[in-house]
Amino acid sequence: MRGTLRRAEVEMHPLVLDSDDGTTWELLLPAGWALEAEPGARVTVSGDPATDVLTSSMVGPVLRVRSLSTEG
């Protein structure tokens, strides 16, 4: 899916994807993963809904990220 990265304005400021279809996904990155894109960047993300994960921020469904690339 494609969209824009941002930090949600809630406690702990989780990284989210505002996808082009209007869904806001909270991103669950792999352990030890270094994110090279900054909030505000347009990105393409591949992943799977993490239906077994609950977060305290509750900004939207959680996406277990497999890959993330910037558009450009």
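These legends accompany close-up views of a predicted model.

**View 1. Strand 2 and its two neighbours.** Let's start with strand 2, residues 15-19, where four of the five residues are buried, so the strand is largely enclosed by the rest of the structure. Strand 1 (residues 2-7) runs antiparallel to strand 2, and five bridges join the two. Here Arg7 sits opposite Leu15. Strand 3 (residues 24-28) also pairs with strand 2 in the antiparallel sense, over three bridges, and Val16 has Glu26 as its bridge partner there. Four residues lie between the strands of this hairpin, and Gly22 takes a positive phi near 95°.

**View 2. Ser19 and its polar contacts.** Ser19 belongs to strand 2 and is buried, with a relative accessible area of 8%. Look for the side chain of Asp21, which makes a polar contact with the Ser19 side chain at 2.5 Å. A polar atom of the Ser19 side chain also lies 2.8 Å from the backbone oxygen of Thr23. Beyond residues up to four places away in sequence, Ser19 touches Met1, Arg2, Gly3 and Trp25.

**View 3. The largest nonpolar core.** Twelve residues make up this core, among them Leu5, Leu15, Trp25, Val43 and Leu63. Strands 2, 3, 4 (42-49) and 5 (62-70) each supply at least two of its residues, and strand 5 gives the most, with three. For a closer look, pick Leu15: leaving aside residues up to four places away in sequence, its contacts include Leu5, Trp25, Leu27 and Leu35.

**View 4. The salt bridge between Asp18 and Arg6.** The closest N and O atoms of Asp18 and Arg6 are 2.5 Å apart. This pair links strand 2, which holds Asp18, to strand 1, which holds Arg6, across twelve residues. Both partners are partly exposed: Asp18 has 23% relative accessibility and Arg6 has 32%.

View 5. Glu71 forms a salt bridge with Arg42, with the closest N and O atoms 3.8 Å apart. Glu71 lies in the segment after strand 5 and Arg42 in strand 4, so the pair ties together parts 29 residues apart in sequence. Arg42 and Glu71 also belong to a network of salt bridges with Arg2 and Asp20. Now find Asp52 and Arg64, whose salt bridge has its closest N and O atoms 3.2 Å apart. Asp52 is in the loop between strand 4 and strand 5, while Arg64 is in strand 5. Asp52 is exposed, at 60% relative accessibility, whereas Arg64 is partly exposed, at 34%.

Conventions: Residues are numbered from 1 along each chain as its sequence is written. This is a predicted model: local features need pLDDT of at least 70, side-chain atom pairs count only at pLDDT 80 or more; totals for chains, interfaces and linings use all residues. Side-chain values use heavy atoms; hydrogens and water are left out. Buried means under 20% relative accessible area, exposed over 50%, partly exposed in between (1.4 Å probe, protein chains only). Two strands pair if DSSP finds at least two bridges between them. A polar contact is a pair of N or O atoms within 3.5 Å; within protein, one must be able to donate a hydrogen and the other to accept it, and residues adjacent in sequence count only if both atoms are side-chain atoms. Contact means heavy atoms within 4.5 Å. A nonpolar core is a set of buried Ala, Val, Leu, Ile, Met, Phe, Trp, Tyr and Cys residues joined through side-chain atoms within 4.5 Å. A salt bridge is a side-chain nitrogen of Lys or Arg within 4 Å of a carboxyl oxygen of Asp or Glu.
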